[in-house]
Amino acid sequence: MEKTNVMRKLDSLKITHNEHFLGDDKNAISGVEVANILHQDVNRVFKTLVTVAKSNNHYVFMVPVAEELDLKKAAASVHEKSLEMLHQKDLLPLTGYVHGGCSPIGMKKQFKTVIHNTAADFETIYFSAGKIGYQVELPLSSLQKVIRIEMADIIKE
């Protein structure tokens, strides 16, 4: 398993974490499939979603993989009137990550990041390590040492 930029960043900050390699398949698999491969509760594995507001500001949201981001709740959480998902073609130039390998850590620019409040329910959470097939696991408190995160109810009912 090779080290990703996310893993190197966590190592450089001496943040204890677990690294998980799911295989060399270059195709993104669903987050639910990732949770199943890791034998984890789908509520404990988070996907990273990037949005753009009418103001042209970008925001990052982390939600459990089986859930859907509620764009109205998400917009309210960042004090915007409305948000839309960033087009897939714009993801790599903006963040440095490809679809299926987007991590809240190590983006080209740090955007305001909001995680669904259920992340606090788990001792550790899983999310992309910045490359398809790679996941990191760490406590929410450790993630908060790396990037500033707000918590909110941002998923559809």
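Strand E2 pairs with strand E4, residues 83-85, in the antiparallel sense, over 3 bridges. Before I go on, note that this is a predicted model. Within that pairing, Thr51 has Met85 in E4 as its bridge partner.

On its pairing with E3, E2 has 7 bridges, and those two strands also run antiparallel. E2 and E3 form a hairpin with 4 residues between the strands, and Asn56 there takes a positive phi near 75°. How much of E2 is covered? Of its 8 residues, 7 are buried, so the strand is mostly covered by the cut-off of under 20% relative accessible area.

Thr48 lies in E2, which spans residues 46-53, and stands opposite Met62 in E3. Is Thr48 buried or exposed? Thr48 has 11% relative accessibility, so it counts as buried. What does its side chain reach? The side chain of Thr48 comes to the backbone oxygen of Cys102, at 3.4 Å. Leaving aside neighbours within four places in sequence, Thr48 is in contact with Val60, Phe61 and Met62, and also with Cys102, Ser103, Pro104 and Met107.

Next, a residue in another strand. His116 lies in strand E5, residues 112-116. The relative accessible area of His116 is 4%, so this residue is buried. Its side chain has a polar contact of 3.2 Å with the side chain of Asp153. With neighbours within four places in sequence set aside, the contacts of His116 include Met151, Ala152, Asp153, Ile154 and Ile155. Phe46, Met62, Val63 and Pro64 are in contact with His116 as well.

Now the open sheet. Which order do its strands take? There are 3 strands, in the order E1-E7-E6, with antiparallel pairing. Strand E1, 18-21, and strand E6, 125-128, are at the edges; each has a single partner strand, so one side of each has no neighbour in the sheet. From one strand to the next, the twist averages 25°. Helix H1, residues 5-12, packs on this sheet and touches E1 and E7, with its direction at about 30° to that of E7.

E6 pairs with strand E7, residues 134-138, over 4 bridges in the antiparallel sense. Ile125 has Leu138 in E7 as its bridge partner. Beyond residues up to four places away in sequence, Ile125 touches Arg44, Phe46, Ile115 and Ala119, along with Val136, Glu137, Leu138, Leu140 and Leu143.

In soluble globular proteins, nonpolar side chains tend to be buried together. Here the largest nonpolar core holds 29 residues, and Leu10, Ile115, Ile125, Phe127 and Leu143 touch the most other members. Which elements give two or more residues to this core? They are H1, E2, strand E3 (58-64), E6, E7 and helix H5 (140-146). Another core, of 14 residues, lies apart from it, with Phe61, Val63, Ala75 and Ile155 among its members.

Terms used: Residues are numbered from 1 along each chain as its sequence is written. This is a predicted model: local features need pLDDT of at least 70, side-chain atom pairs count only at pLDDT 80 or more; totals for chains, interfaces and linings use all residues. Side-chain values use heavy atoms; hydrogens and water are left out. Two strands pair if DSSP finds at least two bridges between them. Axes are lines fitted to C-alpha atoms, for helices over the stretch in contact, and angles run from 0 to 180 degrees between N-to-C directions. Contact means heavy atoms within 4.5 Å. Buried means under 20% relative accessible area, exposed over 50%, partly exposed in between (1.4 Å probe, protein chains only). A polar contact is a pair of N or O atoms within 3.5 Å; within protein, one must be able to donate a hydrogen and the other to accept it, and residues adjacent in sequence count only if both atoms are side-chain atoms. A nonpolar core is a set of buried Ala, Val, Leu, Ile, Met, Phe, Trp, Tyr and Cys residues joined through side-chain atoms within 4.5 Å.
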